[in-house]
Every structure is written in structure tokens, then in C-alpha cells.
Amino acid sequence: MFGWSINLFRIRGIQLALHASWVVWLVVVAGMSAFEEGWASAGRTVVLLVTLYVCVVLHELGHCFTAMAYGIGVQRILLLPIGGMAEMDEIPRAPRRELLITLAGPAVNFVIAGVLFAGLRWVEWPDAGLGAEAGELLGAVALWNLAMGVFDLIPAFPMDGGRILRASLAGVMPHLDATFCAALIGKIVAGAAIVTVWLFAWWTPLPVTNAAIYTSLFGFIIVVGEIEYRAARRLEVAEAHWRMVYARQAERAAREAAAQDEFALSSASPPSLPSSPSPSSPPPPSGAEPPLLAS
């Protein structure tokens, strides 16, 4: 599903990769900006988008470094037009671990937003020139990080808010049931968001193109949530199968060990000795007459 990627570099062994669709998306957005407002606007758009995706990488690294602290391997971070995805070796079943790993991502966005807002508050930026443009860029990045942190906490699985919901539910029910409930709630939330977007497009001047983009985003959330739930269900079935196989093997090994012990005990027992003859008169010598019995 996520092939056709371009590997960039590694961060603490984690491969950073761009999906081909991200490159196409960047070219299309820059081209539209150049067509509408000129090449200078296209350049500013590219700088803004690249800066925003640096924040996306930092968000994903928050997840990854927390997971690595628990001994979970991370293969790569894949950047898509809708954001980033960290590909971990496993998703922890322990609710507390999943909760901390999930919260680390939005926490990074809130820290970035706080630092940038503080910088904008305490540093005097020029009213014109490159300094003014830098101030506008930092302001946009700060607002975007704040919005991303809040948006990511929406309980729409597999977004971070949905994973927080699953970790909370996993404390009171089996992990697979918690995944099903989180995915179902995520579908409801995403479906309601799609309806809301099109209502806004109908009653307000929201462009239909923007409505289609938001619809694609929430539709992607629904599809990926269902895919992850089915993967969790397959994993649960596979684990149950192998538990049964291992239990049968252990039972067979126990029976074989008991049979071997029984055979060893029977082989090591001493042989039975013949019973000693009862005392009696010695047999008469050969040729002698038998003794006479008294009458």
C-alpha cells in the first residue's frame, strides 16, 4: 500500500522516506501557487510546506523515541501528503505504554508552538523585508503546530486521539475489543466530519476543492482504521492458533517424558529371586532301600 517511496537519511537508525505522492503533491501545490501569484509565492509556499513537514518529522520522532525507550524497534518514518507514519515492529499491548507513546507526538507539537509563540512575543521582528517574512513564517508554523496537536487528539482511530481512546479502553476490556470500539468510534467521528464539511461547502463559500480534500482525509482515516483493526484481528487469531499448537506440543512432550521415566524405572528394578526350598530329608543314596515305616 505504501510502496514507491524515496529514502532520504537515517536518524538513530530510523529510515526517513518520502512517498512518491508527497513529491507529486508538493509540485502540484507549488505549481498552482505559481500560476495564481507568481514564482515568488510558489517559493514561499514550498518553504512553508517543507518547514511544516519538518515539524511532522519531529512529531513522529516523539512517537519513535518513546517506543525505542520501551525496546520497540522502529523501521522508518514515511511522509505522505496527509502527514507522517511511523512503522514500528509492534504496537504495545500494555495500555500505559501505548498511551505514553501516543501522547509523545502531540506533546512535541505543543512544545514547538509554545517556543515559537514565545519567540514571536519577546523578539521584535522588522515590519518589512526578510525579517517580516520570517516572522510571518514562524507565526504560521506556530499556529499550524497548535492546530495539529489539537486536531491529532480527535478520537478518530488510527489518529493519536483514537489510539489514546484504545489505550484507555484496553484497561477494561481485551485489546482486540478495544481496537474494534476505537475503530468504530473513529468511523463515526470521521463520517460526521465529512457530513459537516459538505454542509459548510453548501451553506458557506468553502471551495468544493477544499471540501473534497477534507473528505479524502477523513475517508483515509476510515479506511486505515478498518485495515488496522483487521490486522489486529488476524494477529489475535494467529496468536491463538500458535498458543494451541505450543500447548499440544508441550502436552505431547510431557506424555513422552512420563513414558520414558516409567520405562527407566521398570528397567532399573532388581530381578526377582527364586524361592528357597523347604528343609526335608536328604534323598536316599542310589541303590539303597527306602526306609520302612512303622506300622
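Which residues in α1 meet which residues in α2? The legends below start there, and the model shown is predicted.

**View 1. Helices α1 and α2 pack against each other.** Helix α1 spans residues 20-37, and helix α2 spans residues 39-69. Their axes lie 7 Å apart, at an angle of about 145 degrees. The crossing is right-handed. From α1 come Trp22, Trp25, Leu26, Val29, Ala30, Ser33, Ala34 and Glu37. They meet Trp39, Ser41, Ala42, Thr45, Val46, Leu49 and Tyr53 of α2. By class, this contact holds 11 nonpolar, three polar and one charged residues.

**View 2. An aromatic cluster joins Trp22, Trp25 and Tyr53.** Ring pairs make the links in this cluster. Trp22 and Trp25 belong to the α1 side of the helix contact, and Tyr53 to the α2 side. In total, the structure holds six aromatic pairs.

**View 3. Val56 is a buried residue of helix α2.** Its relative accessibility is 3%, so Val56 counts as buried. Beyond residues up to four places away in sequence, Val56 touches Leu79, Gly83, Gly84, Trp144 and Met148. Ile77 is 21 residues from Val56 in sequence. In space, the C-alpha atoms of Val56 and Ile77 are 10.0 Å apart.

View 4. Leaving out residues up to four places away in sequence, His63 touches Met88, Ile101, Thr102, Ala104, Gly105, Pro106 and Asp160.

**View 5. Helices α5 and α6 form another packed pair.** Helix α5 covers residues 160-169, and helix α6 covers residues 175-203. The angle between them is about 145 degrees, with the axes 8 Å apart. This crossing is right-handed. On the α5 side are Gly162, Leu165, Arg166 and Leu169. On the α6 side are His175, Ala178, Thr179, Cys181, Ala182 and Ile185. The contact has six nonpolar, three polar and one charged residues by class.

**View 6. Two arginines lie over aromatic faces.** Arg12 sits over the face of Phe65, 4.7 Å from the ring centre. Arg121 sits over the face of Trp122, at 4.8 Å from the ring centre.

Notes: Residues are numbered from 1 along each chain as its sequence is written. This is a predicted model: local features need pLDDT of at least 70, side-chain atom pairs count only at pLDDT 80 or more; totals for chains, interfaces and linings use all residues. Side-chain values use heavy atoms; hydrogens and water are left out. Rings of Phe, Tyr and Trp (its six-membered ring) pair if their centres lie within 6.5 Å; planes under 30 degrees apart count as stacked, over 60 as edge-to-face and the rest as tilted. A charge sits over a ring if NZ of Lys or CZ of Arg is within 6 Å of the ring centre and within 35 degrees of the ring normal. Helices (H or I, at least four residues) and strands (E, at least two) are DSSP runs, numbered from the N terminus. Buried means under 20% relative accessible area, exposed over 50%, partly exposed in between (1.4 Å probe, protein chains only). Contact means heavy atoms within 4.5 Å. Axes are lines fitted to C-alpha atoms, for helices over the stretch in contact, and angles run from 0 to 180 degrees between N-to-C directions. A crossing is left-handed if the near helix is turned anticlockwise from the far one by less than a right angle, and right-handed if clockwise. Ala, Val, Leu, Ile, Met, Phe, Trp, Tyr, Cys and Pro count as nonpolar, Asp, Glu, Lys and Arg as charged, and the others, Gly among them, as polar.
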